[in-house]
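I should like to take the group through one structure, beginning with a strand end and finishing with a pocket.

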Amino acid sequence: MKKELLFCFVFMAAIPLVSAQSTCLIGLHGGVTQSKYVTPGGLSQPFHRQESFFTANAGISLQQDFKEKFYWQTALHYVEFGDRVKTTEDLRWPSEYDVNGDYVRDPALPHRIRYQQKTDYVTLRAGAGYYLLRTEKFGLGVMPFAEAGFFIKNKNEQQLLYDDGKIDFNSGGGYYGDSAFRNVNASVGLALSFQAKVASKFDVFLAPDASYQLLSATVENGSNASTRRYFVVGLNAGVFYRL
């Protein structure tokens, strides 16, 4: 009798544990980010023309559903933020002027210069979300999140663009200066999640998001310090495995 009672107790205790495990998901995802290196006063810079910077990212995430409409999620990403700036649209060389001073365009020479900055981070994200819509097969959620970005490396490039599309890459000093990047920065953001169950153990998801660094990307002090930080919009797709 005691053994039967012990078995029943263990079985009843295991039911909520199994149920909890069924709401826990681990996922792999990849996607694309668009980023700009902006000032706190706005996304546009009056003194130059910025181009969109697109790059790929990848990561792993863990999600736990609770109380029917709520979930929390944490994720680890490897991402690259950046900025592209057109500094000269009609570059002319002394050799392109003849003896009379007339300009003769030489297609063998570059006529545009573009600056590019690329900054790599590993980010750790955590947030709590709410399902706006949830059925047995589909879920639509929204999640505010906080994120810690751990600086890996920064690379500054100067690109010389030719008329035929060829590009020469040269390493150079930063367009915004050579201040040291913060080793750790903080961001806040908002993510949507479109999630669909495709098998008993697997869900697929699509997640657009946007985030903004709270601190300047660099740590230089004084009158020449840069206040710029990264504003990022992303789109990730992946698969969850239900534990």
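Phe 66 has its place in strand S3, residues 53-66. Helices and strands here are DSSP runs numbered from the N terminus, with helices being H or I of at least four residues and strands E of at least two. Residues are numbered from 1 along each chain as its sequence is written, and side-chain values use heavy atoms, with hydrogens and water left out.

Leaving aside residues up to four places away in sequence, Phe 66 touches Tyr 71 and Trp 72, a contact being heavy atoms within 4.5 Å. Between Phe 66 and Tyr 130 there are 64 residues in sequence and 9.9 Å in space, C-alpha to C-alpha.

Lys 67 lies in the loop between S3 and strand S4, 70-88. Its phi is near 55 degrees, a positive value in a residue other than glycine. Lys 67 counts as exposed because its relative accessible area is 69%. Glu 68, in the loop between S3 and S4, has a positive phi of about 65 degrees although it is not a glycine. With 67% relative accessibility, Glu 68 is exposed.

**Strand S6 and its partners**

Let us turn to the pairing of strands, for which DSSP must find at least two bridges between the two. Leu 133 has Leu 140 in S6 as its bridge partner, and a hairpin through three residues joins S5 to S6.

S6 also pairs with strand S8, residues 184-197, in the antiparallel sense over 13 bridges; there, Val 142 stands opposite Leu 192 in S8. Five residues lie between S6 and S7 in their hairpin, and in the turn Gly 165 has a positive phi of about 100 degrees.

**The largest pocket**

What lines the largest pocket? Its lining has 13 residues, with Arg 134, Thr 135, Glu 136, Asp 203 and Arg 242 nearest the centre. S5, S6 and S8 each supply at least two residues of this lining, and S8 gives the largest share, three residues. By class, the lining holds three nonpolar, three polar and seven charged residues.

**Confidence**

Finally, the mean pLDDT of the chain, the predictor's confidence in each residue from 0 to 100, is 83, and 82% of residues reach 70 or more. Over residues 1-21 the pLDDT is below 50, and this stretch has two contacts in the model beyond near neighbours in sequence. Where pLDDT is low, the predicted coordinates should not be read in detail.

How values were computed: This is a predicted model: local features need pLDDT of at least 70, side-chain atom pairs count only at pLDDT 80 or more; totals for chains, interfaces and linings use all residues. On a 1 Å grid over the protein atoms alone, a cavity is a set of points where a 1.4 Å probe fits but cannot get out, and a pocket is an open set with protein on both sides within 12 Å along at least five of seven lines; lining residues have an atom within 4 Å of a point. Ala, Val, Leu, Ile, Met, Phe, Trp, Tyr, Cys and Pro count as nonpolar, Asp, Glu, Lys and Arg as charged, and the others, Gly among them, as polar. Buried means under 20% relative accessible area, exposed over 50%, partly exposed in between (1.4 Å probe, protein chains only).
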